Amino acid sequence: MRSASSSSGFTLIEVVVSLAVLSLVMVAVVAGMRTLGNTQVALERVTGRVDEVRTVSSFLRDLMESAVIGSDTGGLSLGGASSETTFFNLDDGALEWKTHLLFGESYGGSYVVRVGREGDELMLRWLPPDRVEENPDKWKDAPSRPLVDNLEEFAVALRPDYREDWTDKWPDSSIAPALVMVRLKADGRYWPDLVMQVQR
């Protein structure tokens, strides 16, 4: 029994034990919040990467499916009144082809496009067919849009026919391949191989 002179309250041991339990609870809460935050950041990064792969793949597929395939095998028509003809070229690891392009208010119609690595970017460039000639600097001042940043690897292979093997050489620019495969590595990760069919 306590005497009337003793004061009521917590002992030092009770206070220390209470603080220790409270500290453990706070550490668990902070660790849980930190894990939740890290999961959110990782999820946003993966979602962004998947969106980029889907957007770029869809855009390139649309461009490839809109490739100009003409019956005349005389090569690229350079601004004359002749019918549109096929143009596919592999040049320094970049793929060039003639396609119907429509984006923005200023661009629409037949263009020769080039998709290739420039520094650490996958770059899309385009020119009207009448400006494409045997000029090595033709793409230097062409309008451009980066498709992929932090590009580490870029390779293109063409398949002349469905039953033939892939090749990285394309000697005749007036003939369209059956399939085009693009292989990319960006931000330390390989993208799924993008295999596109040419509508011919």
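Here is a short tour, from the overall layout down to single residues.

This is a predicted model, so local features need pLDDT of at least 70 and side-chain atom pairs count only at pLDDT 80 or more, while totals for chains, interfaces and linings use all residues. Residues are numbered from 1 along each chain as its sequence is written, and side-chain values use heavy atoms, with hydrogens and water left out.

**Overall layout**

- The chain has one helix and nine strands; helices (H or I, at least four residues) and strands (E, at least two) are DSSP runs, numbered from the N terminus.
- Starting at the N terminus, the elements come in the order α-β-β-β-β-β-β-β-β-β.
- Of the chain's 200 residues, 34% count as buried; buried means under 20% relative accessible area, exposed over 50%, and partly exposed in between, with a 1.4 Å probe and protein chains only.
- If you take the contacts (heavy atoms within 4.5 Å) between residues at least 6 apart in sequence, 47% of them join residues at least 24 apart.

**Nonpolar cores**

- In soluble globular proteins, nonpolar side chains tend to be buried together.
- A nonpolar core here is a set of buried Ala, Val, Leu, Ile, Met, Phe, Trp, Tyr and Cys residues joined through side-chain atoms within 4.5 Å.
- The largest one has 33 residues, and Phe 88, Leu 95, Trp 97, Val 148 and Val 180 have the most contacts inside it.
- Helix α1, spanning residues 12–65, gives the most to this core, with five residues.
- There is also a second, separate core of six residues, with Phe 87, Val 132, Trp 139 and Ala 142 among them.
- What does Trp 97 touch, leaving aside neighbours within four places in sequence? Trp 97 is in contact with Leu 63, Met 64, Ala 67, Phe 87, Phe 88, Tyr 111, Val 112, Val 113 and Val 115.

**One cavity**

- Rolling a probe the size of a water molecule over the atoms shows where empty space is left.
- The search uses a 1 Å grid over the protein atoms alone: a cavity is a set of points where a 1.4 Å probe fits but cannot get out, and lining residues have an atom within 4 Å of a point.
- Grid points are joined across faces, edges and corners, and a volume is the space filled by probe spheres set on the points.
- Searching the whole structure turns up one cavity of 30 Å³ or more, and the largest cavity holds about 30 Å³ of space.
- Leu 60, Met 64, Leu 95, Trp 97, Val 115, Val 182 and Met 196 line the largest cavity, with α1 and β2 each supplying at least two residues of that lining.
- By class, the lining has seven nonpolar, no polar and no charged residues; Ala, Val, Leu, Ile, Met, Phe, Trp, Tyr, Cys and Pro count as nonpolar, Asp, Glu, Lys and Arg as charged, and the others, Gly among them, as polar.

**Salt bridges**

- A salt bridge is a side-chain nitrogen of Lys or Arg within 4 Å of a carboxyl oxygen of Asp or Glu, and the count comes to eight.
- Arg 114 and Glu 96 form one of them, at 3.7 Å from N to O.
- Arg 114 lies in strand β3 (residues 107–118) and Glu 96 in strand β2 (residues 94–103), so this pair ties together parts 18 residues apart in sequence.
- Are Arg 114 and Glu 96 buried or exposed? Both Arg 114 and Glu 96 are buried.
- Glu 118 pairs with Arg 125, with the closest N and O atoms 2.8 Å apart; Glu 118 is partly exposed at 25% relative accessibility, while Arg 125 is buried at 11%.
- Glu 96, Arg 114, Glu 118 and Arg 125 are linked in a network of salt bridges.
- Asp 168 and Lys 169 form another salt bridge, with the closest N and O atoms 3.7 Å apart, and Lys 169 is exposed at 57% relative accessibility.

**Around strand β7**

- Lys 185 sits in strand β7 (residues 179–186) and counts as buried, at 18% relative accessibility.
- Not counting residues up to four places away in sequence, Lys 185 touches Asn 150, Leu 151, Glu 152, Glu 153 and Tyr 190.

**Positive phi values**

- Most residues other than glycine have a negative phi.
- Asn 150 has a positive phi, near 55°; Asn 150 is in the loop between β5 (144–148) and β6 (151–159) and is partly exposed at 39%.
- Asp 187 also has a positive phi, near 55°; Asp 187 is in the loop between β7 and β8 (189–190) and is partly exposed at 44%.

Notes. 1 Å grid on protein atoms, 1.4 Å probe; cavity = no way out; pocket = protein on both sides within 12 Å on 5 of 7 lines; lining within 4 Å.
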